[in-house]
Amino acid sequence: MKNKLIIFDLDGTLLNTIGDLAIGCDHMLEMRGLPGHSFEEYCSFVGNGIMRLVERALPEELRTPEYVKAARKDFVDYYIEHIDLKSHPYKGIEELVAELQDRGAKLAVASNKFQAGTEKLIRKFFPAIDFVEICGNREGVPLKPDTALVDMIIEKAGVERNRTIMVGDSAVDITTAKNAGIHSVGVSWGFRSRAELEEAGAEHIVDSTDELLKVLEEI
């Protein structure tokens with residue numbers, strides 16, 4: 001695995017975070033006297049950053065820039081303090097990431113979650129992993145599927161693009177990989193469907209971490 005760079009998405013790929021995201025959004029909505037949403041609805045809301053999550057959770061008539069910005073602040077203020085109450089790694093992920101590190105692969109995270117939240121979750125759940133870079137949403141850097149985060153990681157890692165693999169659960173991740181000229185692996189255990197990954201053109205789709213390890217070995 002040496003000289004390979006594996007870039008993981010966070011939400012829906014490494015960690016199941018939907019419970020805390022849903023609670024945070026419902027809290028923000030309750031503050032405003034607005035109705036909450038179902039688990040399935042929140043699964044469809046995530047993937048494009050916190051601003052889009054909050055916007056999608058709000059009634060359409062309230063989705064003005066000013067209202068969304070204020071609602072996002074309230075969400076983040078609550079969420080950052082309750083970010084890890086229900087979130088947890090998917091089955092086999094901790095062992096997989098440790099195995100990849102032991103085999104010499106370079107590892108990184110590229111997430112559309114805000115930077116502070118991304119770092120807090122990674123540091124808690126993967127304290128022994130020496131990630132090349134932990135990249136979340138930050139000011140002045142566009143979200144995936146723009147390649148900015150991936151390009152930053154590749155430059156820091158010093159690995160060729162044909163030895164770089166993006167692993168994610170959504171079309172956003174697969175499109176990011178295509179745009180960046182790197183390999184893509186979709187995971188079926190996340191928030192989005194296998195059909196979405198297929199339609200996006202994922203090179204590989206896996207159903208378990210054992211399958212993922214085999215694919216990463218072969219690329």
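I take contact to mean heavy atoms within 4.5 Å. With that in hand I looked up Ile-6 and, leaving aside its neighbours within four places in sequence, I found it in contact with Met-1, Leu-100, Ala-105, Lys-106, Leu-107, Ala-108, Ile-165, Val-167 and Leu-216.

Before going on, I note that this is a predicted model, in which local features need pLDDT of at least 70 and side-chain atom pairs count only at pLDDT 80 or more, while totals for chains, interfaces and linings use all residues. Residues are numbered from 1 along each chain as its sequence is written, and side-chain values use heavy atoms, with hydrogens and water left out.

**Entry: cores**

I call a residue buried under 20% relative accessible area, exposed over 50% and partly exposed in between (1.4 Å probe, protein chains only). A nonpolar core is then a set of buried Ala, Val, Leu, Ile, Met, Phe, Trp, Tyr and Cys residues joined through side-chain atoms within 4.5 Å. The largest such core has 57 residues, and those with the most contacts inside it are Ile-6, Leu-14, Phe-75, Leu-100, Phe-126 and Leu-212. Helix α1 (residues 18–31) gives the most to this core, with 6 residues; helices here are DSSP runs (H or I, at least four residues), as are strands (E, at least two), numbered from the N terminus. I also noted a second, separate core of 18 residues, which includes Cys-135, Ala-148, Met-166 and Ile-182.

**Entry: helix α7**

Which residues of α7 are buried? In this helix (residues 148–157) I listed Ala-148, Leu-149, Val-150, Ile-153, Ile-154 and Ala-157. An α-helix has 3.6 residues a turn, so residues three or four places apart point the same way. What covers the buried residues of α7 includes β1 (5–8), β4 (106–114), β5 (133–137), β6 (164–168) and α8 (171–180). After α7 comes Gly-158, with a positive phi near 70°.

**Entry: α3 against α4**

I fitted axes as lines to C-alpha atoms, for helices over the stretch in contact, with angles from 0 to 180 degrees between N-to-C directions. The axes of α3 (residues 50–57) and α4 come within 9 Å and cross at roughly 110°. Angles under 35 degrees count as roughly parallel, over 145 as roughly antiparallel, 65 to 115 as roughly perpendicular and the rest as oblique, and α3 and α4 are therefore roughly perpendicular to each other. The contact is made by Ile-50, Met-51, Leu-53, Val-54 and Glu-55 of α3 and Val-68, Ala-71, Arg-72, Phe-75 and Val-76 of α4.

**Entry: aromatic rings**

Rings of Phe, Tyr and Trp (its six-membered ring) pair if their centres lie within 6.5 Å, and planes under 30 degrees apart count as stacked, over 60 as edge-to-face and the rest as tilted. By this rule I have 5 aromatic pairs. One of them, Tyr-79 with Phe-114, is edge-to-face, at 6.2 Å centre to centre and 65° between the planes. Tyr-79 lies in α4 (residues 65–79) and Phe-114 in β4, so the pair ties together parts that are 35 residues apart in sequence. Both Tyr-79 and Phe-114 are buried.

**Entry: backbone exceptions**

Most residues other than glycine have a negative phi, and most peptide bonds are trans. Asn-3 is not a glycine, yet I found a positive phi of about 70°; this residue sits in the segment before β1 and is exposed, with a relative accessible area of 57%. The peptide bond from Lys-144 to Pro-145 is cis, with omega near 15°, and Pro-145 is in the loop between β5 and α7.
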